[in-house]
Amino acid sequence: EIRELVSSMVGGYLPTMDEMEFLLSLDWEGAQVLLEGARKVKEELFGPEVHIRGIIEFSSHCSGRCLYCGLRADNRDLARYRMEEEEIVRCAEEAIGAGYMSLVLQSGEDGWYDRWTLGRVIERIKGIKDVAITLSIGERSYEDYRYLRQAGADRFLMKHETADQGLYDRLHPHSSFRRRLECLTQLKELGYQVGSGFMVGLPGQTLRSIARDVLLLKKLDVDMAGIGPFVPHPRTPLGDQPAGDPFLVLKTVALARLLLRRPHLPATTALGVLDRRMRDWAFHGGANVVMQKLEPHRYRRLYDIYPKGVGEERSIAEEREELERALESMGLRVARDRGDAVRV
Ligand code: 5AD
């Protein structure tokens, strides 16, 4: 029964809600069929190629109050940092030298960087080389989004976090689900390649709700989708809730690959933090992207979205080489291009 369902999905069949819930509740043995199906779809589209994206987390200041996030404005126990324009550009330059063709500029929702400042950063990086630039800076005005697109930004990441509107609105007292979707629509309209995504294991979330998350990604027709576990952060209101289940994340990524097909799907950093082996499995179950932090380690420690380890400090080039070796030892091939959205 599992086999039939998965193979019809490989052929393009859109499952019912009940069938999706069934797939998400499979045990390890049953899930192998799901993972194989997802892998097949991934390999038809991308072969053994994976993309490494470099991410510069340039500011940990945030005016948001997301109940799950350690960067929330209410967390006063965290030393905050902002990288200067010059420092961001130098970091990007080093990354480009190390072979990065795709850079993500991410921060908390930090109005200190106005559109002109960010625009200059983008233009300066583009002046070094035409790498893909992805912004992940949260909710901003339409004017900001328009200006930054004009300045050369290619892509934008903004997760919908959960498709359950009631849950979304409880988790985000400073904003709303409607506003989130409005931003995503504007970004698409402006011609960004758009990434969204969600967390698995949020308190109050059900399997049905996760199925809806995947369907919302389909409706948004996203170019990229980050699916990661909720990881409790002690200095937040959700600090004593259990973490999301890494195995459920793995199944969700596979389901997303089968249903959505074309988007770039990272094996998320948060998944790797909870269970490194599950992150590696994700590459055999539909994922084709991995992110590598680029900013200096003294900042990484302070970019405290959720608890994580920060390894020993090495150069950007050395860290990339190590990651490439790890990926190649899993039978993957590291892509040398920007990894733009694929249209099928
Ligand atoms: N656990 C997992 N992911 C989190 N994020 C924020 N806080 C957490 C957490 N506690 C994710 C959100 C956000 C991204 C930048 O980080 O999905 O979109």
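Visitor: So a residue is buried if 20 or more other C-beta atoms lie within 10 Å of its own, exposed if 12 or fewer, and partly exposed in between, with C-beta atoms placed from the backbone. Which residues of helix 8 are buried, then?

Guide: Before that, this is a predicted model, in which local features need pLDDT of at least 70 and side-chain atom pairs count only at pLDDT 80 or more, while totals for chains, interfaces and linings use all residues. Residues are numbered from 1 along each chain as its sequence is written. Helices (H or I, at least four residues) and strands (E, at least two) are DSSP runs, numbered from the N terminus. In helix 8, the buried residues are Arg 180, Cys 183, Leu 184 and Leu 187. They lie on the same side of helix 8, because they cover an arc of only 95° around the axis, the arc being that of the directions from the helix axis to the C-beta atoms.

Visitor: And what sits on the face turned away from the buried side?

Guide: That face of helix 8 carries Arg 178 and Thr 185, which are exposed.

Visitor: What covers the buried residues of helix 8?

Guide: The cover includes helix 6 (142–151), strand 4 (155–157), strand 5 (193–200) and helix 9 (207–220), where a contact means that two C-beta atoms, placed from the backbone, lie within 7 Å.

Visitor: Switching to helix 3, which of its residues are buried?

Guide: Ala 31, Leu 34, Leu 35, Gly 37, Ala 38, Val 41 and Lys 42 are the buried residues of helix 3. Their arc around the axis is only 160°, which puts them on the same side of helix 3, whereas Glu 29 and Glu 44 are exposed on the other side.

Visitor: What do those buried residues of helix 3 pack against?

Guide: They pack against helix 1 (2–10), helix 2 (17–24) and helix 10 (246–260). Just after helix 3 comes Gly 47, with a positive phi of about 60°.

Visitor: Is strand 7 enclosed or exposed?

Guide: Strand 7 (residues 289–293) has four of its five residues buried, so it is largely enclosed by the rest of the structure. Five bridges join it to strand 1 (residues 49–59), and the two run parallel; strands pair if DSSP finds at least two bridges between them. Ile 52 stands opposite Val 290 in strand 7.

Visitor: Last one: which residues surround the ligand?

Guide: Among them are Tyr 68, Cys 69, Lys 159, Glu 161, Met 199 and His 233, a residue being near the ligand if its C-beta atom, placed from the backbone, lies within 6 Å of it.
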